[in-house]
Amino acid sequence: MALVLFPRIALCINQDITTVAQRSNIPDDQMTSKPRHWPENVQFIDKYHYHKSVPQTVRSFVQGDRTRQTNASRPPVVIRAIASPSHPANGQFGLFAAKKIPPDTHIMDYIGEIHCDDRPNSNYDLSLYRYPDGLSVGIDASVVGNEARFINDFRGVQPRPNAVFTEKRNGDGELRMSIWSSKDVIKRGDEVLVSYGKAWWRARSDNANNME
Ligand SMILES: C[S@@+](CC[C@H](N)C(=O)[O-])C[C@H]1O[C@@H](n2cnc3c(N)ncnc32)[C@H](O)[C@@H]1O
């Protein structure tokens, strides 16, 4: 899994959600209610947005047959500010279980902007699919996304992740990167943590070293 993040884009802090929507030409009917602690400079969405770098064939592949319809329900997680000096993401946000989550349970899907261009500076960019010819499809949640964008890596927090990313088609046939609980129960109040993968961290430490 290659999760890749931007150093937070310096969008104007008091820019409201309407302004972001207008700027990105997003229809009003795609605006959904924001969860608590949602940042003002990120648009909350529950459906993919498609960047112009995505060819129609790729878009059709991601969307699938779309003959079925499912209703999305609110995920069993909440966004919470981290205020623990021992947490490596102290001062940021994380995703926490709002209720007990049984093992091997679908928690939610990672939603953002589907793109086929390179986003080397995004820290919210997750790899969705790679074609044999090397074309890569990513989901970038740096500017638009859902609660899943707040999931942290387990390193320095817990000995192991309690959740995993799994590529799967949803009930509508759309290709999603979903978050599932792993083999253990996640207790109410526990932080939900995945592994971003060693390559994700290596890429960032290489970048930091190159800037020295
Ligand atoms: C996808 S975001 C996760 C949500 C982020 N904490 C936030 O509040 O927006 C990835 C960023 O979270 C932070 N992060 C996540 N897991 C971390 C960890 N184990 N140690 C240090 N930083 C972490 C890093 O700043 C990373 O670039």
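Modeller: Helices (H or I, at least four residues) and strands (E, at least two) are taken here as DSSP runs, numbered from the N terminus. This is a predicted model, in which local features need pLDDT of at least 70, side-chain atom pairs count only at pLDDT 80 or more, and totals for chains, interfaces and linings use all residues. Residues are numbered from 1 along each chain as its sequence is written.

Biologist: What percentages of helix and strand does the chain have over residues 75–197?
Modeller: The UniProt annotation "domain: SET", from an unreviewed entry, covers this range; UniProt positions follow the numbering used here, feature names are shortened, and annotations may be inferred rather than shown by experiment. The C-alpha atoms at the ends of the range are 24 Å apart. Its composition is 0% helix and 41% strand.

Biologist: In what order do the three strands of the open sheet lie?
Modeller: Two strands count as paired if DSSP finds at least two bridges between them. In this open sheet the pairing is antiparallel, and the order is β6-β13-β12.

Biologist: Which are its edge strands?
Modeller: An edge strand here pairs on one side only. That applies to β6 (106–109) and β12 (163–169).

Biologist: How many bridges does β12 form with β13?
Modeller: On the other pairing, β6 and β13 (residues 175–181) are antiparallel over three bridges, with H106 bridged to W180 of β13. The antiparallel pairing of β12 with β13 runs over bridges numbering seven.

Biologist: Which residue in the turn of the hairpin has a positive phi?
Modeller: The hairpin is formed by β12 and β13, with five residues between them. The positive phi, about 85°, belongs to G173.

Biologist: Which of the 15 residues around the ligand come nearest?
Modeller: A residue is near a molecule or strand if its C-beta atom, placed from the backbone, lies within 6 Å of it. At least two residues of the shell come from each of β5 (93–97), β8 (123–130) and β11 (152–153). Those that come nearest are P88, Q92, F93, N123 and N152.
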